[in-house]
Amino acid sequence: MERQSGNLGCSVGINTIIAVENIIESVNLKLQSFGPNQEAPEFQVFFNDHVSNDFNTLFKSLPTDKQYFAAGVPGLFQGRLFPKASLHFVHSSYALHWLSKVPKELIDKNSPAWNKGRIHYTNSLKEVRDAYSAQFAEGIESFLNARAQELVSGGLMTLIMPCLPDGISSQCAVFAFKDLLEACLNEMVDEVTFDQTQ
Ligand SMILES: C[S@@+](CC[C@H](N)C(=O)[O-])C[C@H]1O[C@@H](n2cnc3c(N)ncnc32)[C@H](O)[C@@H]1O
């Protein structure tokens, strides 16, 4: 018996390895709860991230005594990554909230959603928030459509991502951090522009 699992947006760190081990341990525990003499499944784990992810570092850091076969699957998870009905378990942690591209309205000077010099939607116009929201909706829909085809019937998926309920104040620490990051990036851009004009 073979069980195939995908870890989407895996990056290279220890989190992705721990997540895979937890999934395998949980499946094995569940199996044991059905009684002794259960046939132990073989696990195939697919690690997915952008093509530019450092898969070499990831594969070098996998434990030597791992209880699964590992493979890398590069590419955007908003599209198809696996054959139809081939995955039993999909896991994605802290990856799905990243947008696959900057909404085009934000960088169009003639758009009411033009977000000059900004990297986020804190204290922004409704048009800016709508552009971010529409891009996220498009991305998550594509993700779910692709996984709907790739998961076997009865397959499972765990999706972990940071979220904020509507109405959270823009004074909230998470927004303040983005304002700070934005200020740093703008300062760096100003410095490069200044150097180039010298
Ligand atoms: C913050 S890391 C999370 C890593 C790991 N899953 C964890 O929980 O620690 C987010 C990862 O998602 C990847 N990612 C973001 N958008 C992606 C996409 N559209 N397709 C594939 N990977 C993506 C990034 O390249 C990055 O490695």
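Visitor: What makes the contact of Arg118 with Glu182 a salt bridge?

Guide: The model is predicted, so local features need pLDDT of at least 70 and side-chain atom pairs count only at pLDDT 80 or more, while totals for chains, interfaces and linings use all residues. Residues are numbered from 1 along each chain as its sequence is written, and side-chain values use heavy atoms, with hydrogens and water left out. A salt bridge is defined as a side-chain nitrogen of Lys or Arg within 4 Å of a carboxyl oxygen of Asp or Glu. The closest N and O atoms of Arg118 and Glu182 are 2.8 Å apart, so the pair meets that definition. The two residues come from distant parts of the chain, with Arg118 in the loop between β4 and α3 and Glu182 in helix α4, 64 residues apart.

Visitor: Why is Glu182 called buried, and why is Arg118 called partly exposed?

Guide: Buried means under 20% relative accessible area, exposed means over 50%, and partly exposed lies in between, with a 1.4 Å probe and protein chains only. Glu182 has 10% relative accessibility and therefore counts as buried, whereas Arg118, at 25%, counts as partly exposed.

Visitor: How do you know that Asp179 and Arg118 also form a salt bridge?

Guide: Their side chains meet at 3.8 Å, N to O, which is within the 4 Å of the definition. This pair, too, links distant parts of the chain, since Asp179 lies in helix α4 (residues 173-197) and Arg118 in the loop between β4 (87-93) and α3 (126-150), 61 residues apart. Asp179 has 28% relative accessibility, so the label is partly exposed. As a general point, side chains of opposite charge can pair when their charged atoms come close.

Visitor: How many salt bridges does a search of the whole structure find, and which residues are linked in a network?

Guide: The search of the whole structure finds 5 salt bridges, and the network of salt bridges links Arg80, Arg147 and Glu150.

Visitor: What makes Gln135 a buried residue, and which residues does it touch?

Guide: Gln135, found in helix α3, has 8% relative accessibility and so counts as buried. Leaving aside residues up to four places away in sequence, Gln135 touches Leu99, Ser100, Lys101 and Pro103, where contact means heavy atoms within 4.5 Å.

Visitor: Why is Pro74 called partly exposed?

Guide: Pro74 has a relative accessible area of 46%, so the label is partly exposed. Pro74 is found in strand β3 (residues 69-74), and, not counting residues up to four places away in sequence, it touches Asn48, Asp49, Val51, Phe55 and Leu81.

Visitor: How do you know which stretches to call helices and strands, and how many are there?

Guide: Helices (H or I, at least four residues) and strands (E, at least two) are DSSP runs, numbered from the N terminus. The protein chain has 4 helices and 5 strands, in the sequence pattern β-α-β-α-β-β-α-β-α.

Visitor: What is noted about the phi of Ser11 and of Ala85?

Guide: Most residues other than glycine have a negative phi. Ser11, in the loop between β1 (2-8) and α1 (14-32), has a positive phi of about 60° although it is not a glycine. Ala85, found in the loop between β3 and β4, has a positive phi of about 45° and is not a glycine either.
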